[in-house]
Amino acid sequence: MFNKMTFGKCLKLLLATLNVPMSHLAKAINVDNSLVSRWVHEKRLPSYVASYIDNIAEYLSRKILNTYQIKLLDELYLDLIEHDNIREITNREKIRALLYNSLNYSIECKKKEKTSTDISKSKSQIAVSANMMDIPQTNITNSVDLSSNDKIIYGISNIFSTVITMLEKASKHKRRDNNIIYFTLCNYLDNSFFSDNRILYIQKLLQKVIENGWKVYFLIRLDNNIERILRFIHFILPIGGSGSINVYYFNKYDIFMPGKEMYIVSGIGTLSCYPAGQSMVINCGFYLKNKSAIDIFTNYINLLIQTNAYSAITYYTKDKSEEYHHSLLEITGKPGSQFDYNSNFSMYYLPEKLYRKFLWKTKLSHQEKLLSLQYYKKQWSAIVANLENHQYNSIYFSETLELLMNNQILCLSTYSGFEKVKLGVQDMIDYLEHVIHFIMTYDNFQVAVIFQDTNLVKNNGYSYIIKERRAVYFNSHGSFESTAEVRLSIEEPMTVKAFSEYFNMVWEKISPINKDKDEIVTWLQSYITMLYKNN
């Protein structure tokens, strides 16, 4: 089996999973900080005789605070240790077994290293003897020696651990240049690698590295496997609004890298993964920290992107507002159903009179206000025309309305982005009354309200417009920020279809009562009643 892990990596992963600093562990088991550091960094191994393992297991088992950590622990346990009924084992026993299992493996590795060193010495002696016999020797020129840090890694768990190690290093270093992380997603990787819990952990790390100035490039294979693309969408949604994500896909659907995946963190390391057996399942990798090796693999993947890939995402900076609105208007004006996911009720469902009133409350220039009104009127006309023959589904969060009631601030969609508008009580009443009117007027307009964040969709200040078979439009504005930070569109057909499937899946998971128009109107009417009382 390849599902092995060294003691240092196992302890590091347990500490990261349970959010325990090395210094806290050292204090808890009464050892020096440097000793724990040497364990984690593979410099020393704990003794069997001492009670280190039992003490570590006892302490870490008490640091498990939620079901998410339990799931991660179970996942690691099942990856490394065969057991039919994991529920019969306590968390302490699981941790203890993981540590002892990894300690045994580290000891085996040390023995193999010693044997390998002895063999190398023997070979050196043979080479010396060969030189003395005047046997011609081959000289290798233009070569670079690899260091002891460069390794061959076996097992999905160890591959995952290595990717995490590279991302953790990146999360601690701010970068302005040479700051790109590359991920290829071309094969059907074992779900134990991209399980839901591990996806969450990678997402958090990617958010940290992006905050530190890194950019992330994905090179993905697109085919008719919608489930694969759906998993990628679920993975990328929480970080897609950063503006630091680029997604590329091969320019021919039959092009991809069979049996190979690459993970490169510029200046830190590169992991090139392959199958180790007869099947095409990826379960080993070459991990290189050598600068020349990283440069070679970086140049290779950049060449792939330049010659064999298209960008799946079109970003619109502030100076491309006209291009963005023209494209959005053209696509939404086409016949077809539409799916909206909005963090506020103000997207395109205000009448011209009310929109104009709110627009003139902003600090936009006169020209920007005229352009906003112009595009809004066209967008409104396109939506109303399509509603006569096509279905519109829109998802909103109850939290948005609660924030509006508490702060009396509306995020208004304008030509330049989202603008904060301070509303009076009567403004809010007029606004909510029109929302009710719009919901009840158009039979093809269906609305759903989510009353709490779910694993599938969160109220993160993002808005999506998905036009079936056409395009996906996205913009982020944060929580009541003044302008849109990111605007982008995706028109690649398979990706658009996957987005449609994803949000249809979200829609189906919403309770019927939260999609009942009468219930939603009653809920909105209760806020209007409160406003009248306070007016």
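Reply: What follows goes through the salt bridges pair by pair and then turns to one pair of helices.

The model is predicted, and local features need pLDDT of at least 70, side-chain atom pairs count only at pLDDT 80 or more, while totals for chains, interfaces and linings use all residues. Residues are numbered from 1 along each chain as its sequence is written, and side-chain values use heavy atoms, with hydrogens and water left out.

Side chains of opposite charge can pair when their charged atoms come close. A salt bridge here is a side-chain nitrogen of Lys or Arg within 4 Å of a carboxyl oxygen of Asp or Glu. By this rule the model has 11 salt bridges.

One of them joins K12 and E168, with the closest N and O atoms 3.7 Å apart. K12 belongs to helix α1 and E168 to helix α7 (residues 156–171), so this pair ties together parts that are 156 residues apart in sequence. Helices (H or I, at least four residues) and strands (E, at least two) are DSSP runs, numbered from the N terminus. K12 is partly exposed because its relative accessibility is 30%, and E168 is buried, at 14%. Buried means under 20% relative accessible area, exposed over 50%, and partly exposed in between (1.4 Å probe, protein chains only).

A second salt bridge links R92 and E58, the closest N and O atoms being 2.9 Å apart. R92 sits in helix α6 (residues 91–132) and E58 in helix α4 (residues 52–61), 34 residues apart. R92 is partly exposed at 30%, and E58 is partly exposed at 33%. Both belong to a network of salt bridges that also includes R62.

K361 lies in the loop between α12 (352–359) and α13 (366–387), D427 lies in helix α15 (residues 425–441), and they are 66 residues apart. K361 is partly exposed at 38%, whereas D427 is buried at 6%.

Back to the helix that holds K12. Helix α1 (residues 7–17) packs with helix α5 (residues 67–80) at an angle of about 160°, the axes being 10 Å apart. This makes α1 roughly antiparallel to α5. Axes are lines fitted to C-alpha atoms, for helices over the stretch in contact, and angles run from 0 to 180 degrees between N-to-C directions. Angles under 35 degrees count as roughly parallel, over 145 as roughly antiparallel, 65 to 115 as roughly perpendicular and the rest as oblique.
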